[in-house]
Amino acid sequence: MNFNEIPELAIEGAENFGIHEVKCKGGCEHAWVRPKLVWMLQKARDHAGVPFNITSWHRCVYHNKHIGGAKKSSHLEGWAVDILLTKNKLYNYLILQSLITAGFPRIKVRPDHIHVDIDPEKRWWILIP
Ligand SMILES: [Zn+2]
Ligand SMILES: [Zn+2]
């Protein structure tokens, strides 16, 4: 499979997200994202009306290990993203609300970001510390 072909398809119809963003942040240029994930993010982005700063899309095994990601992290399979939380509490509220409205089944609120994923092999939940 040519991983680099997938993001182009995925980005179609998702004007707020670009192909340059979806690469692994470990510097390996590996890009892998699920089209459904990008379309759901665009739906949430449209609903929120405020910018989403996505700090992590796909991660390769090496990068995931390097940053201490979970062994079975949904980032490995392209099912997950992390959205940076801002200093603007209203923005954060609008982002969280929009993710629920868009139908994300798994949402984890962290001190500095919100992890969302649509991993079909995992149970639905919302974790708020
Ligand atoms: Zn990598
Ligand atoms: Zn994450």
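**Figure 1. Gly-103 in the predicted model is exposed**. Around Gly-103 lie 10 other C-beta atoms within 10 Å. A residue counts as exposed at 12 or fewer, so Gly-103 qualifies. Gly-103 sits in the loop between helix H4 (89-101) and strand E3 (106-109). Its C-alpha lies 9.4 Å from the C-alpha of Lys-43. In sequence, Gly-103 and Lys-43 are 60 residues apart.

**Figure 2. Helices H2 and H4 cross at roughly 130°**. H2 spans residues 35-48, and its axis comes within 8 Å of the axis of H4. The two helices are therefore oblique to each other. Their crossing is right-handed. H2 contributes Ala-44, His-47 and Ala-48 to the contact. From H4 come Leu-94, Ile-95, Ser-98, Leu-99 and Thr-101. By class, the residues of this contact are five nonpolar and three polar, with no charged residue.

Figure 3. From the N terminus, the order of elements is α-α-β-α-β-α-β-β-β. The C-alpha atoms fill a box of roughly 40 × 30 × 30 Å along the principal axes. For 129 residues, a compact globule would have a radius of gyration near 14 Å; the chain has 14 Å, so the two agree. Buried residues make up 33% of the 129. Take the contacts between residues at least 6 apart in sequence: 66% of them join residues at least 24 apart.

Note on methods:
Residues numbered from 1 in each chain as written. Chains lettered and ligands numbered in written order. Predicted model: local features only at pLDDT ≥ 70, side-chain atom pairs only at ≥ 80, totals over all residues. Helix = DSSP H or I, 4+ residues; strand = E, 2+ residues; numbered from the N terminus. Rg over C-alpha atoms; globule rule 2.2 N^0.38 Å. Buried ≥ 20, exposed ≤ 12 C-beta atoms within 10 Å, placed from the backbone. Contact = placed C-beta atoms within 7 Å. Axes fitted to C-alpha atoms, helices over the stretch in contact; angles between N-to-C directions. Parallel < 35°, antiparallel > 145°, perpendicular 65-115°, else oblique. Left-handed = near helix turned anticlockwise from the far one by under 90°. Nonpolar A, V, L, I, M, F, W, Y, C, P; charged D, E, K, R; others polar.
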